[in-house]
Every structure is written in C-alpha cells, then in structure tokens.
Amino acid sequence: MRRLAEFAAACRDGDLPAEVRDDVPGRVLDVLGNCLAAYADRQGDAAPAVLRAVRRWAGNGEATAIGSGDLLPAPSAALVNGTLAHALDFDDTHLPSVLHPSAAVVPAALAAAQSAGAGGAELIAAVAAGVEVCGRLGMASYLPQARNSLFFEQGQHATSICGTLGAAVAAGLLFGLPAEGIAHAMGVAASMGSGLLEANRTGGTVKRVHCGWAAHAGVSAAVLAMEGVTGPPTVLEGRFGFFQAWLGGRYDEEALLSGLGERWELLRTVYKPYPTNHFTHPAIDCALALRRGGLDPARIASVELGVPEPVLRTIAEPPEEKARPRTPYHAKFSGPYTVAAALLGGGGLGLALEDFAELDPARLELASRVRCVADERASEIFPRAFAAVLRVRLLDGSALEHRVDSSRGGPEHPLSADELETKFRSNAGQALPQGQVGELAEAARKLGTARTVTDLLRRTVAAGDG
C-alpha cells in the first residue's frame, strides 16, 4: 500500500513520462464521448435512474453531471458519470486483466478536480496514477496457469472492485492528500468495492452502474480520508485484506509492484471499436471480413463460432438466453447476436450504437443458427489478445472460415488517431451539435494547459439541459 501511495504522489508532484502525459487526454475524451452517447440513449434505463436518485439526495453543487449539466456533490457526479461511462459497454480495456479502468477513474477524477478547483495538468496526473493502480491490481489477480483473472473465475467484476481503489487514488491526489493520506483513501476504498457479473449472463441493468459506484466510492473514500478516517496499512496483503477476501490470498506481488513508475500498464489499455462486450469483438471482426468477402447471409445454413473457453460463460451461456437476448443491452453480451448483427450489416467502425437501438427480428433469426464452441488456439492466446474463428456452412453444403488472432482495437491492431476521433465524434454527436462536439474535442486536446476543468465539463452539457 505504501509503495502504491508513494508512486501516486510522485505522479502529481514530479514529472510524468511524456508518453503517459500525452496518452491521458485521449482517455478523457473517449470517456466523455461514451458518456454523452449514453446520456442520449433513451433506451437505457440505468443512467436516468441514477440521475433521478442523486437529484433526490440533493446537496452542494460542486461537480457537473455530463449531458444534463446538473451541479451535484462530487461523489454524486462521479456516480452519474461513471454509470454513463460504462453504460454502453464502449469503454477502454486493459489486457490481460480485462479491466475497464478509465470508466471508473476518469469520472472520479473529473468530479474531484472540479470540486477542488484543480487544473488540467493535475487531472492528467491523477488519471494516470489511478488507471495505473487499477490496472496493476488487476494484473495481480491474473492467473497465467488459468489464462484468466481470478476475479472473473469467481464471478466478480474486477473493474468495479479494482476501479474503486484507482478512483480513490485519483480523487485523493486532486484533493491534495499526501502519500499517507492517499494510502488511507485506498484503505477506506477497499471496504467499498463490489460487483457481480451475473448480469452479463442473464440480463439486468445493474452492471451499468458498477463503474459509477466505483467512482462514487473512490471520491467518498478520498473525502473521508481527508476528514480523518483511516484505513489499515495492510489492507491489501493482510490476513483479512483485499487479496484474501477477494482472491483467497492468491496474488502476484511482482505484477503489482515491479517497474512501478517505469513500465506503465496504462499504455497497454486499448480502445474498443464496437459498443459491445469486448469478448465479442474478434467474432465481429470475422463476420465483417466474411461479409466484405462477398458472403450472402441468405445462403447461410449454420454458423459455428469458436472462442476462448473462459469467455463462453459470458457470451454463450446460457445458450437459450444468448440465442435470443431479451434486450438490446443484453444483446451486446451475446456471441450469436453480435455475429448476426455484423453479418447482416452495421454502421460506424463496423457495428455502431444504432445497431443496438432495438432487437432486430432478422438478426434474432440468424442468431438462432449460431453455435458457440471453445477453440483451442483462441484459448491459448487469451487473454493477452482476443481471438476467434467463424465457420459458416452454406445451404449448398460449401463452407467458409475466417480467423483472427487479435481483435481490431487490440494490442496488435490498435485504433488509429483518426478512428478514435471518429468514435468520439459519433458518440458525442448523439447528444451535442457538431460545433459543440468540435469545441469539446479541442478543449480535451488542450487539457494539459487548462487552469480548471470547468470549461471542459461545461462543453459536455446538452442543448436545453443544464
């Protein structure tokens, strides 16, 4: 705990590596775009419900809710914005821990920065430190022999659990806590993180709130530490600490601490091109490639999707639920439906938000003919990269096959700056006029020299709101 806290304080009080400093504004921009698209998504009921809840709580207005412009207490703004950031499943991903760190850390940092009157450079340092701590906690839980995170093996949402501590680090830095205070904020936050993954399998909207609650808890923990609440110094490794409670005492200390401040997990955190569960992305890539090759969906008799064995529980089970998802959001976690959507068309970078505005009967029918199986090669690669193979049997008895060993947007095929700009403009344009979208993008690019973050957040308020 002490070493993580000292690292975090050094991020604020010293100099960040240039590549880290330059990376963070893009993460902030990606989160803002995701939030705005989720705010405009009238089909989503979790984020509006959270906004109604925090309006009931009221309190001092010190931080901005993205989209609506509500001025809320910092923890409440973090709750709203973290929910928006994760609501469409379009947030960034760290591999191989399979965390989505920015969706919890950036909303917490924005709320704390606005509350404290901090500037853009301070925000960048706080986001960098928070994302790094979150990613390293995720790496500490990664089991190479199982090729998976122990959190996921036990049905726990690593993002919301580790993200709570990362959010506390970011908020603590922005509230001016010294290393000792940041350690206490993390110690307090460790009692607040939670999240179960059953909604990935069978539906429900609560998973959308996970990153919001992590951001809320992180800001709250930092405030409590600022006011004198303390956490145990052995909260991570102790007999009744974080790793024992969540992981049965199994964790990789070297992955947690080795090269801290020199080797950055933040730089291994990749962006999504499609607004779906990341495990579905290589299958989407395969389907899009076959479609570009001239495959006529009307000629398809059956489809076999081969994926890493550990992801079957998320995108293929229970089979009857995944073949016929109940809601558009549930469809984002369905291997069969996302393959069908990609085979029958798509917008944006291949599949877009509008592809999940409603459940399409033609896609549901084709999804019913998609069978998911474990693929040995994809399993060997997972989770260093996401791989899949798609085998299509045609009505005339012939077969087509396409395989990818690293999905688009992944470590081997990262999105370009132009693709990230396209993603942001498409997302933000769901809620804002294009002129305002451009102003917001420019403000994010100049974040490092901004005196406060208020102007940035002011540009996220949708017309007619606020």
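View 1. Helix α9 (residues 179–189) is mostly covered, with 8 of its 11 residues buried, where buried means under 20% relative accessible area, exposed over 50% and partly exposed in between (1.4 Å probe, protein chains only). The buried residues of this helix are Gly 181, Ile 182, Ala 183, Ala 185, Met 186, Gly 187, Val 188 and Ala 189. They pack against α1, α6 (120–140), α8 (158–174) and α11 (210–226), a contact being defined by heavy atoms within 4.5 Å. Helices (H or I, at least four residues) and strands (E, at least two) are DSSP runs, numbered from the N terminus. This is a predicted model, in which local features need pLDDT of at least 70 and side-chain atom pairs count only at pLDDT 80 or more, while totals for chains, interfaces and linings use all residues. Residues are numbered from 1 along each chain as its sequence is written, and side-chain values use heavy atoms, with hydrogens and water left out.

**View 2. Aromatic pairs.** A search of the whole structure finds 10 aromatic pairs; rings of Phe, Tyr and Trp (its six-membered ring) pair if their centres lie within 6.5 Å, and planes under 30 degrees apart count as stacked, over 60 as edge-to-face and the rest as tilted. One of them, formed by Phe 7 and Trp 264, is tilted, at 5.5 Å centre to centre and 55 degrees between the planes. This pair links distant parts of the chain, since Phe 7 belongs to helix α1 (residues 2–13) and Trp 264 to the loop between α13 (253–257) and β6 (269–270), 257 residues apart. Phe 7 is buried at a relative accessible area of 8%, and Trp 264 is buried at 6%. The rings of Phe 242 and Phe 243 form an edge-to-face pair, because their planes stand at 85 degrees, with the centres 5.4 Å apart. Phe 242 is buried, with a relative accessible area of 3%, and Phe 243 counts as buried at 1%.

**View 3. Charges over rings.** Arg 208 lies over the face of Tyr 329, at 3.9 Å from the ring centre, and the charged end of Lys 423 sits over the ring of Phe 90, 4.2 Å from its centre. The criterion asks that NZ of Lys or CZ of Arg be within 6 Å of the ring centre and within 35 degrees of the ring normal.

**View 4. The contact between the two domains.** The protein chain is divided into domain 1 (1–273 + 416–459) and domain 2 (278–404), with bounds that come from an automatic or database domain assignment. Their centres, taken over C-alpha atoms, are separated by 30 Å, and the contact takes 30 residues from domain 1 and 26 residues from domain 2. Between them the domains bury about 2,400 Å², 59% of it on carbon and sulfur atoms, buried area being the accessible area (1.4 Å probe) that two parts lose on being put together, summed over both. The count between the domains is 1 salt bridge, defined as a side-chain nitrogen of Lys or Arg within 4 Å of a carboxyl oxygen of Asp or Glu.

**View 5. Leu 29 in helix α2.** Leu 29 is found in helix α2 and counts as buried at 10% relative accessibility. Leaving aside neighbours within four places in sequence, Leu 29 is in contact with Phe 424, Leu 440, Ala 441 and Ala 444.
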